Amino acid sequence: MNVMEEKAVRVRSKKKSKSAEIWKRIKRNVGAMIGLVIIIVFALSAIFANQIRPEELVTKQDVTVRLQGPSAAHLFGTDAYGRDLLTRVLYGSRISLTIGIFTAGFSLMFGGLLGAAAAYYGGQADNIIMRIMDMFTAIPGTLLALAIVAALGANMTNLLIAITISSIPGFVRLIRSTVLTVVESDYVEAARACGTRDGRIILKHILPNAIGPIIVQTTESISGMILQASGLSYIGMGVQPPRPEWGAMISESREFMRQYPYLMIFPGACIILAALSFNLVGDGLRDALDPRLRD
Amino acid sequence: MLRYVIKRLLLLIPVLLGVTLIIFTIMAIQPGDPGRMILGENASQEAVEKLNDQLGVNRPFVVRFVSYLYNAVFKLDFGKSYRTSQPVFNDVFARAGTSFKIAFNGIFMATVVGIPLGILSAVKQYSAVDTFSRVTAMLAAAIPPFWLGMMLIFVFALKMQWLPSNGIESWKSFILPMVTLGIPYAGSQLRMTRSTMLETIRQDYVRTAKAKGVPQGIIIFRHALRNALLPIITITATSFGGLLGGAVITESVFSMPGLGTLIVTGIRQRDTPSVLAATIFLAFMFGVIMLVVDLIYAFVDPRIKAKYSR
């Protein structure tokens, strides 16, 4: 292949792939790369947790080694029941990542449907959907989630449902406003004039053009959801002990905090790192997708 | 203007009705009954049934809901707490002060720290100050408040013994909660201020002012900040409204009797009237705060004021 051909190929592939262009910009963003690495580490430890440490260690109690500080045998030390803290923190990443990603996904799905419908149909539909969202917004999110968990029973699935419901209004609002700007554009008008079906217009014309801010918001919301889930578990309205949820672990460490602060430091550091990583990636995505910063 | 205020207050009514319906439904789904919660595990089934009849919780959902609304709307009677047998608003008003202080302090600290740093960060974009503020803001947003609260208790209450770790006895008790809430919210204030300031700084009128040779201080505060204020005011006010009841986890860390704790206790003990009263109060306050925000807009932005007078 001569130089000219090679150049032509390169130019074509550049034009073809928008995502490659975005990826190139993210790669230059140090913060986003750090965030991505942290997410990958957490994801790997969540997936391979049982290869790293056997699952029975999560709840295995051993009074002979209770409340031991970090050592070679127990890198993060042991808790009041003599359980290995590293193992528990490791398995905790499964819970927090699952909650964060699934709640964000479900909120996006339901919020997206409602928000897009409100923006696209306008008029009465818009009015009804948004007034209902106003009612949910008037209740502080944490309290709404808490009440729902109390009604359904405190466990991981219900926590997931509760956080999803309490974050849907935010998603509806965002997606509605993003879609509104697209709906009023000429190409949607043109598609409508051609008699394209509603579903097809929404999927093929509106979504691809509105997706940027939505992806950013969803990524950043994952960190908020991880924080909220740990907060609710902390006050006993979420994942229940002995499951190794980070917030619940911090709650258990409360009575030992004076002598054994490491019990709350390790799970706390994990929550911070996990929340931080999604914020960093979201921020990097925003910079990469922002047309004003292009070139 | 007055007509606008009245219209907005009237629009609050359907929102409050909706909130009531949502909370009423959630509380009705909750397993367990108040009679059993009040009398305890050892009480006889008969006594529990009798108490439940007295409280009226055995009636069908629709009957209960309609009679609650009827009493609330026409007699302004929101019922008595199942737990204390006192009119529910006694508790709500007694705790509103504490919640108000906690939320105000937190937002005050967030504003004092976040907005100046945000302005500085935007004006000196890509400088060391900017990088430092952005990294700090990112980190602040990722710290769970309950963990931050516990670390502060560990350092300042248990180790140094400078400040109390719980209660509301003196002004000192409010310092740690203020920092606990102030730091994460300062992070979001900073980011919001920075991004809106960056947007206004790129506007033509700012460039014109610069070209005219207007001193930088005046450009920043009069030309840029005034136009960047609207979103900043919005986020400050919504955070404050949200914190009034949403600081429940922080209240629990520092054992402070605020509205959030009242609602959590109410939910745990199936005390539906208390939960409803506190939530309706919070939703009402939230609506009023949002109205005040819109009125402040009119003072900040003459374009919006012109719309009202039309």
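Mentor: A:Ala191 counts as partly exposed because it has 17 C-beta neighbours inside 10 Å; a residue is called buried with 20 or more other C-beta atoms within 10 Å of its own, exposed with 12 or fewer, and partly exposed in between, the C-beta atoms being placed from the backbone. This is a predicted model, in which local features need pLDDT of at least 70 and side-chain atom pairs count only at pLDDT 80 or more, while totals for chains, interfaces and linings use all residues. Residues are numbered from 1 along each chain as its sequence is written, and chains are lettered from A and ligands numbered from 1 in the order in which they are written.

A:Ala191 sits in helix 9 of chain A, which covers residues 186–193; helices here are DSSP runs of H or I with at least four residues, strands are runs of E with at least two, and both are numbered from the N terminus. Leaving aside residues up to four places away in sequence, A:Ala191 touches A:Thr196, A:Ile201 and A:His205, where contact means that two C-beta atoms, placed from the backbone, lie within 7 Å. From A:Ala191 to A:Thr219 there are 28 residues in sequence, and their C-alpha atoms are 31 Å apart in space.

Turning to the whole of chain A, we find twelve helices and zero strands, and the C-alpha trace spans about 75 × 60 × 30 Å along its principal axes. Of its 295 residues, 44% count as buried, and among the contacts in chain A with a separation of 6 or more, 68% join residues 24 or more positions apart.

Two helix pairs in chain A show how such contacts are built. The axes of helix 7 (residues 141–152) and helix 10 of chain A come within 11 Å and cross at roughly 55°, and therefore helix 7 of chain A is oblique to helix 10 of chain A. Axes are lines fitted to C-alpha atoms, for helices over the stretch in contact, and angles run from 0 to 180 degrees between N-to-C directions; under 35 degrees is roughly parallel, over 145 roughly antiparallel, 65 to 115 roughly perpendicular, and the rest oblique. Helix 2 (residues 18–28) and helix 12 of chain A pack with axes 9 Å apart, at an angle of about 125°, so helix 2 of chain A is likewise oblique to helix 12 of chain A. On the side of helix 2 of chain A the contact uses A:Ile22, A:Arg25 and A:Ile26, and on the side of helix 12 of chain A it uses A:Gly284, A:Leu285, A:Ala288 and A:Leu289. These residues divide into five nonpolar, one polar and one charged, with Ala, Val, Leu, Ile, Met, Phe, Trp, Tyr, Cys and Pro counted as nonpolar, Asp, Glu, Lys and Arg as charged, and the others, Gly among them, as polar.

Finally, chain A also meets chain B, in a contact that takes 33 residues from chain A and 35 residues from chain B. On the side of chain B that touches chain A, helix 1 of chain B gives the largest share, eight residues, and by class that side has 26 nonpolar, nine polar and no charged residues. Helix 6 of chain B has buried residues, among them B:Ser133, B:Arg134 and B:Met138, and what covers its buried residues includes helix 10 (198–234) and helix 12 (262–289) of chain A.
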